[in-house]
Amino acid sequence: MNLATFKGGVHPPEKKELSKEIPIQKSPLPDKVVVFMQQHTGAPAKPVVEVGQKVKTGQIIGEPGGFISAYVHSPVTGTVTEVKKISNIIFGKAVEAVVIQRESEDEWELLPHGDYEKFSKEELLDIIKKAGIVGLGGAMFPTHVKLNPPQDKKIDTLIINGAECEPYLTIDHRMMLEKSEEILIGIKIAKKILGVNNVYIGIESNKKDAIEFLKNKWKGQVIVVPLKTKYPQGAEKQLIYAITGKEVPRGGLPMDVGVVVQNVSTMYAIKEAVVDGKPLVERGLTLTGEAIKRPGNWWVRIGTPISWIVENLGEGFKEGIENVKVLMGGPMMGIPINNLDTPIVKGNNGITSLIPEEQRGTFCIRCSYCVDVCPMGLQPYLLDLLGKKRKYDEAVEVGLLDCIECGSCSYVCPAKIEHVKTIKLAKKVYRALRGGKK
Ligand code: SF4
Ligand code: SF4
């Protein structure tokens, strides 16, 4: 097989065998959900419900707080018990959340929906916006904005991201095998909105069954591109380069080279919204890792606490393991969770439970392994150093803002330096000092 790829990257153990053969199962409904008003890039949504109010599944509970923002919906049918600020580990700050006690099975409040071919581009974008759809691969950028780039950006190519390069995670793999018809409808809708004819899907070579299946199933409609299995093959810029040979300029976006990238699960969510009227209130995720008793792939309601998922779907952690490390996402880009009552959010494609590893953080021996693997051509050891010394302007000059936070540098570092932690903090401080401007 001729495999497309990019320069740099790492080969962590894949660990997909824990869950890749397990079909996606529907989770029972949780009794309580905690729904953040910020589950997307951009301005937080504003809560539009009050304590004591009855809500239906799919009812709007948060309205966009700006141009780049997203609607938020109730994932269950019940009563609002709290509206308050709760610490949100993803955004590193306390944000407004709506707590809902479930009282019955679903009573749905649906969006206008029907045959997608009868809707105009504007109507389709409006449904996607009202459905609160954001990038489900983890980026959580509002999809209606991404599918509607400024007029001076001519888009000619849509790339569907089926790489799923994060170790352990298998939900996109299962989606491609089990939901190919729905995903294809989502792709047709995105194609109509963007007005493009070139559609590719990139899939890593460790998912041979999905590659062969979709080549056959989507023949003549979507070009299936097998990709080398290498992390971070699914990062947007690396995926675009591997498939089209185009390089997104430094500081630029995919639309600067005429490309829009969408995740397979996002395509599924678009079909659900437009054809069935269902806003984004649940998603597929992988529950996995060496510490969980029962790994699997699940449909789970947004706002379900991780503790509930671990106990009810994963049968808890294995006995005799102390200090299990739980990540929202996979081991490379996942966010460590210190409070298991944290609820899942729209961009949450997995929960990975790991056996604790040895301590991190000795000193740099200038081996340059991190430089060799950086897919963005950066000097991670230098970014770490400048970040720690608070020399933010200098760090920006050597590419701080180009870092895609993939974690490849930390993965290969013999000194176990956690570059991404320093880089994320440095970006945050730099942007705060610059008043939010880049
Ligand atoms: S510096 Fe950033 S882009 Fe480069 S390897 Fe490290 S995390 Fe990835
Ligand atoms: S891999 Fe680690 S030890 Fe080697 S140069 Fe980079 S930061 Fe230093």
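A: With the terms: two strands pair if DSSP finds at least two bridges between them. Helices (H or I, at least four residues) and strands (E, at least two) are DSSP runs, numbered from the N terminus. This is a predicted model, in which local features need pLDDT of at least 70 and side-chain atom pairs count only at pLDDT 80 or more, while totals for chains, interfaces and linings use all residues. Residues are numbered from 1 along each chain as its sequence is written, chains are lettered from A and ligands numbered from 1 in the order in which they are written, and side-chain values use heavy atoms, with hydrogens and water left out.

Q: In what sense does S9 pair with strand S12 (residues 259–263), and over how many bridges?

A: The pairing of S9 and S12 is parallel, over five bridges. Within S12, Val260 is the bridge partner of Leu158. S9 also pairs with strand S10 (residues 198–204), again in the parallel sense, over six bridges; there Ile160 stands opposite Ile201.

Q: Why is strand S9 (residues 157–162) described as largely enclosed by the rest of the structure?

A: Burial is read from relative accessible area: buried means under 20%, exposed over 50%, and partly exposed in between (1.4 Å probe, protein chains only). Six of the six residues of S9 are buried, so the strand is largely enclosed. Both of its faces are covered, with Thr157, Ile159 and Asn161 on one side and Leu158, Ile160 and Gly162 on the other.

Q: What is the sense of the pairing between S7 and S8?

A: S7 and S8 pair in the antiparallel sense over ten bridges, and Val83 has Val98 in S8 as its bridge partner. Four residues lie between the strands of this hairpin, where Gly92 takes a positive phi near 70°.

Q: Is Cys406 buried or exposed?

A: Cys406 is buried, at a relative accessible area of 7%. It sits in the loop between helix H11 (392–397) and helix H12 (408–412). Cys406 and Asp106 are 300 residues apart in sequence and, C-alpha to C-alpha, 38 Å apart in space.

Q: Where does Lys93 lie, by contrast?

A: Lys93 lies in strand S8 (residues 93–102) and is partly exposed, with a relative accessible area of 44%.
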